[in-house]
Amino acid sequence: MAIKRLHVGKRLSEVAIHNGTVYLAGQLAEDVTQNIEGQTRETLGHIDRLLAEAGSDKAHILSCQIYLADIKDFAGMNAVWDEWVAADNSPPRATVEAKLARPEILIEIIVVAAQK
């Protein structure tokens, strides 16, 4: 089967689709002046948009990896996540503290999903 890539750049593609599975690159907020709630909300919006473009949605997420610059932001991130996650379809998820690419980035999320 062919691999379809969306938003291909020199360094990475935002999306790869293979055999009905959608792989997103790590997503983060563009407006990194926001607090954890704002960055989480914006990042989840990017995920919604990319999944829709790939023929999927948040109810079809197979796994999710969340990277926080500071684990103290876990509760704030979860408050936004809990409002966003598809009812009765919460995916397997891992959340870890990690040093991210720039200090102002508070969260990065990687998602794997099934196409509808």
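Helices and strands here are DSSP runs, numbered from the N terminus. With that convention, the chain of this predicted model reads β-β-β-α-β-α-β-β along the sequence. That makes 2 helices and 6 strands. The radius of gyration is 14 Å, close to the 13 Å that the globule rule gives for 116 residues, so the chain is as compact as a globular protein of that length. Along its principal axes, the C-alpha trace spans about 40 × 35 × 20 Å.

Now turn to the sheet. Strands of a sheet pair through backbone hydrogen bonds, in either a parallel or an antiparallel sense. In this chain, an open sheet of 6 strands runs in the order E1-E2-E3-E6-E4-E5, and its pairing is mixed. Strand E1 (3-8) and strand E5 (93-97) stand at the edges. Each has a single partner strand, so one side of each is left without a neighbour in the sheet. From one strand to the next, the twist averages 10 degrees.

Strand E4, residues 61-68, pairs with E5 in the parallel sense, over 5 bridges. Leu68 has its bridge partner in E5, namely Glu97. Helix H1, residues 36-53, packs on the sheet. The strands that H1 touches are E1, E2 (13-18), E3 (21-24), E4 and E6 (107-114). The direction of H1 makes about 25 degrees with that of E6.

Take the contacts in the chain with a separation of 6 or more: residues 24 or more positions apart account for 68% of them. Buried residues make up 40% of the 116 residues. The cut-off matters for what follows: buried means under 20% relative accessible area, exposed means over 50%, and partly exposed lies in between. The chain exposes about 6,500 Å², and carbon and sulfur atoms supply 52% of that area.

Charged pairs come last. Side chains of opposite charge can pair when their charged atoms come close. The structure holds 3 salt bridges.

Begin with the pair formed by Asp57 and Lys116. Their closest N and O atoms are 3.4 Å apart. Asp57 lies in the loop between H1 and E4, and Lys116 lies in the segment after E6, so the pair ties together parts that are 59 residues apart in sequence. Asp57 has a relative accessible area of 24%, so it counts as partly exposed. Lys116 has a relative accessible area of 66%, so Lys116 is exposed.

Asp73 and Lys72 form another salt bridge, at 3.5 Å from N to O. Lys72 is at 63%, so Lys72 counts as exposed.

The side chains of Arg102 and Glu104 also meet in a salt bridge, at 2.7 Å from N to O. Arg102 is partly exposed, at 39% relative accessibility. Glu104 is partly exposed as well, with a relative accessible area of 33%.

Methods
Residues are numbered from 1 along each chain as its sequence is written. This is a predicted model: local features need pLDDT of at least 70, side-chain atom pairs count only at pLDDT 80 or more; totals for chains, interfaces and linings use all residues. Side-chain values use heavy atoms; hydrogens and water are left out. Two strands pair if DSSP finds at least two bridges between them. Helices (H or I, at least four residues) and strands (E, at least two) are DSSP runs, numbered from the N terminus. Axes are lines fitted to C-alpha atoms, for helices over the stretch in contact, and angles run from 0 to 180 degrees between N-to-C directions. Contact means heavy atoms within 4.5 Å. A salt bridge is a side-chain nitrogen of Lys or Arg within 4 Å of a carboxyl oxygen of Asp or Glu. Buried means under 20% relative accessible area, exposed over 50%, partly exposed in between (1.4 Å probe, protein chains only). The radius of gyration is taken over C-alpha atoms; the globule rule is 2.2 Å times the number of residues to the power 0.38. Accessible areas come from the Shrake-Rupley method with a 1.4 Å probe; for residues, only the protein chains shown count as cover.
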